[in-house]
Amino acid sequence: MYLSISIDVPDGDKNGFAGLVRQTDRIEKAKADFVILARELSKGRLAPGRVEAVVTLPWITGRLVTPVVAAAIPALHSVPFHIARALSAADFLSSGRAAWMPLLAGGERFDNAYGAGYRLASAEQPAKYADFIRATRALWDSWDQDALIINPGSGAYLDSAKVRRVDYRGPYFTTMGPLNAARPPQGYPLLLRDLDDLLHSGVAADVVLASPDRLAQADKGAVRLVKVTVETLDASLGLVRDGKADGLHLMGANALDMLESLRSWVVPPPYLGATARERLGLRRPINPHSQKGAA
Amino acid sequence: MSRENGRLHLWAFLQGIGFFPGGWRAPDASPRAVFQREYYEHVARLVDDACFDAIVFGDQLQGRDAAGRTPSRLAIPTLDPFTLLSVMAGVTRHVGLVATVSTTYNEPAEVAAKFAALNMVSQGRAGWNIVTTVHPNSPWNFGAPDLLEKSLRYDRAKAFVDAAEVFWRDAAGMDDPHRQAGLHNRWFDIDGTLDFPTAPQYRPVLVQAGQSPDGRNFAAQTAEAIFCPAPTIEAGRDYRDDIRERARGFGRDPDGILIMPGLAFILGSTEEEAQRKHALMLELADDGLCIEYLSESIGYDLTRHPAEGPFPLEQICAECEFPAGDVRRMLAPAAESGQSIADFCRAYARKPRGHAIFVGTPDQLADRMETWIDAGACDGFTLQPGYMPTELELFCAHVVPLLQARGLLRRQYQGTTLRDHLAVGAGA
Ligand SMILES: Cc1cc2nc3c(=O)[nH]c(=O)nc-3n(C[C@H](O)[C@H](O)[C@H](O)COP(=O)(O)O)c2cc1C
């Protein structure tokens, strides 16, 4: 059973650094399996955190040395090229433990900050969400996994045939590529979706989070994390026992206490495999451009 | 405070593999390590121990793939600068962390939030090298057909920085007399800021590298430190005088701006050894690599033509991705004289990016730095190690103690924020 938790600087805390370090170190000691840089809204939805997650993630993976670490990202306001580039580096520098969770939630706050041009009717939002993910992944596909050669003797640095322009044209995003960053060690960093944020998407997630009543609608093959608070813990443990969930995402003011007490009897899974994707038994994504298909 | 901080400021401008395009092939280079966390942690600790002001990573918004072909011999592992600096923040206590970010293909909200995060995880050590993006292929990655014209890019840059300033001031609970104008102007229409946590040094130190009149005006209005190429003392002094004059014109104290010319270097325990190493750098950049290097600079794939043949100038000018006028000016003499592609490219790759290159002993480098400072040609140097990590290690071990013994460089940090290290005042 996996244990997951989110982390952020609480509202009102001006320079929340000391608190963030304390929380992080407690989470590391308790060995969470997933840590999500996100804030909790009421009703159990997640939203991008107060601290910008993509920049915080590389720092925090120096203190959180085993878990998958996910950045919650405003899906309607982020730019595929920047996200693809940053998460490529984050995946390399965390040995394949980087993940991302695009979210619709928090949109109002970002609409105001990004300006009027970013406002989008709710009916259109799922399409932009999916296009954002597809465009970002298209850029990761601009490099084959084995493009780098790096042979100082011969002077061969990479195989030019394994890097290409992808010329992605979606309804909201257009991007040429290639990315100026190599394909991440996981192929694609793990994709998380909050089913309470967006129940159905044309893009399947690797890991889903959901309240108990939505869990059954998880994408096929995804790792399923059920959201729990102290009040719902017993019922949710039942879901895991019955094979309806693969782990718990701990929420509420007592989430960290819950993690610590659960860890006194929940043994962390044996971690085999070089990247988070391998550890979780998830398939490596296929690069449609790659000669060998699977590379 | 300025005294104990020393008269000489050092910044480390780190490309993944160092300055020389052939450097990744050196026997003691570590080209695979640039994809690993430990490498960046090691480098960061070195620079932090050596009392540099800051580490800087450049950034580009396009792959290097002139005419659709990514070079096979040119090492181009430039990882995202925010990511690298965030990792480095975790293992250092003092050194500043400067990310290059474009104002052309970003929004103020996102950039303000990212720098707030870097400032927080480093507790006040973030800096922003503000660029406007010059590569003609960059717009294609953002769904735009062409670059904005330069004066518009700098106009947007000014408005962008003003808007970001409002975000940072709001987060820190500071008033901003220009709040309305910062949020609503011809580039932006912003209704609210983001309540991200803030940190000591409420915003990043602002850094720029403008050379054109628009770029220099922007730098003189905005920057607290400026990078420039300066091949000679005279060029350095002219540039510094010009920026200081422009700053006065904008009502700023010119002492609030550090001028930091780029300086690449190769060190040896004797001059001969240093020369040998430099020769090796040039030799490792073989013809194939040099041809790819020029290809990248003009946006045209020269590997399609025989290396020993002449430049097909008309075809190049018709198809190149960089402005054809610039490319013609650059290649016409070679095309007219019938110089081979390989010969021209070899000469071109000897002096990458027009920066000054020092080759010699630690004593000679310390002398040179002191001479430039005494002549008022600069406030310090943006150092570009010839290849990594060896040349940086040599500099820290052998040049830093000399500079400290001469009283030029601080022996220990006098504060904890990047702005403390600059010692140029509290910011705008
Ligand atoms: C030392 C140095 C480093 C620079 N690094 C970058 C960079 O990483 N990315 C970028 O887009 N431009 C970079 N530039 C380009 C400058 O931002 C600027 O565009 C250039 O100096 C020409 O000035 P202009 O824009 O006024 O014409 C750099 C310039 C210098 C001198």
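Visitor: What area is buried between domain 1 and domain 2 of chain B?
Guide: About 2500 Å². Carbon and sulfur atoms give 61% of that area. Keep in mind that this is a predicted model.

Visitor: Where are the bounds of those two domains in chain B?
Guide: Domain 1 takes in 9-272 + 354-422 of chain B. Domain 2 covers 273-350 of chain B.

Visitor: How many Å apart are the C-alpha centres of the two domains of chain B?
Guide: They lie 28 Å apart.

Visitor: And how many residues are in contact there?
Guide: From domain 1 of chain B, 34 residues. They touch 25 residues of domain 2 of chain B.

Visitor: How many salt bridges does the rule find across that domain interface in chain B?
Guide: Four.

Visitor: Which side chain meets R25(B) in a salt bridge?
Guide: D286(B). The N to O distance is 3.3 Å.

Visitor: Switching to the two chains. What area is buried between chain A and chain B?
Guide: About 5300 Å², with 57% of it from carbon and sulfur atoms. Chain A puts 58 residues into the contact, and chain B puts in 70 residues.

Visitor: How many salt bridges are counted between chain A and chain B?
Guide: Seven. The side chains of R50(A) and D195(B) also meet in a salt bridge, at 3.9 Å from N to O.

Visitor: What about helix α2 of chain B, buried or exposed?
Guide: Mostly covered. The helix spans residues 81-89, and nine of its nine residues are buried. Among them are F82(B), L85(B) and M88(B).

Visitor: What covers the buried residues of α2(B)?
Guide: Elements of both chains. Chain A supplies α2 (53-60) and α3 (80-93). Those from chain B include α1 (37-49), β2 (54-57), β3 (96-102) and α3 (108-121).

Visitor: Now the barrel in chain A. In what order do the strands close?
Guide: Eight strands, in the order β1-β2-β5-β6-β11-β12-β13-β14, with parallel pairing. From one strand to the next, the twist averages 25 degrees.

Visitor: Which helix packs on the sheet at β1 and β2 of chain A?
Guide: Helix α1 of chain A, residues 17-30. Its direction makes about 175 degrees with that of β1(A).

Visitor: How many bridges join β1 to β2 in chain A?
Guide: Four, between residues 2-7 and residues 34-37. In β2(A), L37(A) is the bridge partner of I7(A).

Visitor: Which strands does α5 of chain A lie across?
Guide: β5 (68-74), β6 (98-103) and β11 (190-194) of chain A. Helix α5 of chain A, residues 125-140, runs at about 150 degrees to β6(A).

Technical notes. Residues are numbered from 1 along each chain as its sequence is written. Chains are lettered from A and ligands numbered from 1 in the order in which they are written. This is a predicted model: local features need pLDDT of at least 70, side-chain atom pairs count only at pLDDT 80 or more; totals for chains, interfaces and linings use all residues. Side-chain values use heavy atoms; hydrogens and water are left out. Two strands pair if DSSP finds at least two bridges between them. Helices (H or I, at least four residues) and strands (E, at least two) are DSSP runs, numbered from the N terminus. Axes are lines fitted to C-alpha atoms, for helices over the stretch in contact, and angles run from 0 to 180 degrees between N-to-C directions. Contact means heavy atoms within 4.5 Å. Buried means under 20% relative accessible area, exposed over 50%, partly exposed in between (1.4 Å probe, protein chains only). Domain bounds come from an automatic or database domain assignment. Buried area is the accessible area (1.4 Å probe) that two parts lose on being put together, summed over both.
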